[in-house]
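Please open the model in your viewer and follow the stops below in order. Each stop says what to select and what is there.

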Amino acid sequence: MITVFSLSICISSDVFVGAVRVVKPDLEIGDNESAIGCVEWSPDNNKIAAGFTDGTIRIWDWKTSGEIINFTGHTESVLSLNWSSDSNRIVSGSADGTAKVWNLDTRDFQLNFTGHKGSVTDVAWAPQSDIRIASASNDSTVKIWNSETGSELLTFTNHTGPVRSLSWS
């Protein structure tokens, strides 16, 4: 279980004069039945998503502390999550070798990216455009996908070992 806290920090005249103090937990994530593999804040700061070792993705509303959606579809641990810029879709990478796009508006699965021969260790939407998604894998590749059609656009194969993380620039 992860407990999310709000922090209070006092700053005066560019000098830190206060202390960080935890008042109360604002949101508790998890139920101790499955371990949490990853957590990701939405770009609008209104939602928080967690990927679990049982393959589920759960999303909470930060303001109400209520669970919004519980997505199921991965057959193994969710290792990575990344939000679209509008906070309406989320892409997940899993130990089952797939990446999936989930739509919060329709509350359903949208796309499935297959092609990696190992766990998908990291996923990321392209900056300033939600048309492309990158996925990194233990199979030593990085793939670029079209997030509207699900088609594979490009594969980078020059890595000599597992790719654990990625970032667009």
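Accessible areas here come from the Shrake-Rupley method with a 1.4 Å probe. On that basis, the accessible surface of this protein comes to about 8,900 Å², and 47% of that area belongs to carbon and sulfur atoms. The model is a predicted one.

**Whole chain.** Begin with a cartoon view of the protein: it has 16 strands and zero helices. Next, colour by accessibility; of the 169 residues in the protein, 44% are buried. Among contacts with a separation of 6 or more, 37% are between residues 24 or more positions apart.

**Sheet E5-E6-E7-E8.** Select these four strands, which form an open sheet in that order with antiparallel pairing. The edges are strand E5 (36-41) and strand E8 (67-71); each has a single partner strand, so one side of each is left without a neighbour in the sheet. On average, neighbouring strands of this sheet are turned by 15 degrees against each other, direction ignored.

Which residue in E8 stands opposite Ile59? Show the side chains there: the residue opposite Ile59 is Ile69.

Move on to residues 152-156, which are strand E16, and find Leu153 in it. Show the surface of Leu153, Leu154 and Phe156, which make a nonpolar surface patch of about 260 Å². Is Leu153 buried, exposed or partly exposed? Its relative accessibility is 41%, so Leu153 counts as partly exposed, a class that lies between under 20% for buried and over 50% for exposed.

Note on methods:
Residues numbered from 1 in each chain as written. Predicted model: local features only at pLDDT ≥ 70, side-chain atom pairs only at ≥ 80, totals over all residues. Heavy atoms only, no water. Pairing = 2+ DSSP bridges. Helix = DSSP H or I, 4+ residues; strand = E, 2+ residues; numbered from the N terminus. Axes fitted to C-alpha atoms, helices over the stretch in contact; angles between N-to-C directions. Patch = residues over 30% accessible without salt bridge, like charges linked within 9 Å, V, L, I, M, F, W, Y side chains within 5 Å. Salt bridge = Lys/Arg side-chain N within 4 Å of Asp/Glu carboxyl O. Buried < 20%, exposed > 50% of the residue type's maximum accessible area, 1.4 Å probe, protein only. Contact = heavy atoms within 4.5 Å.
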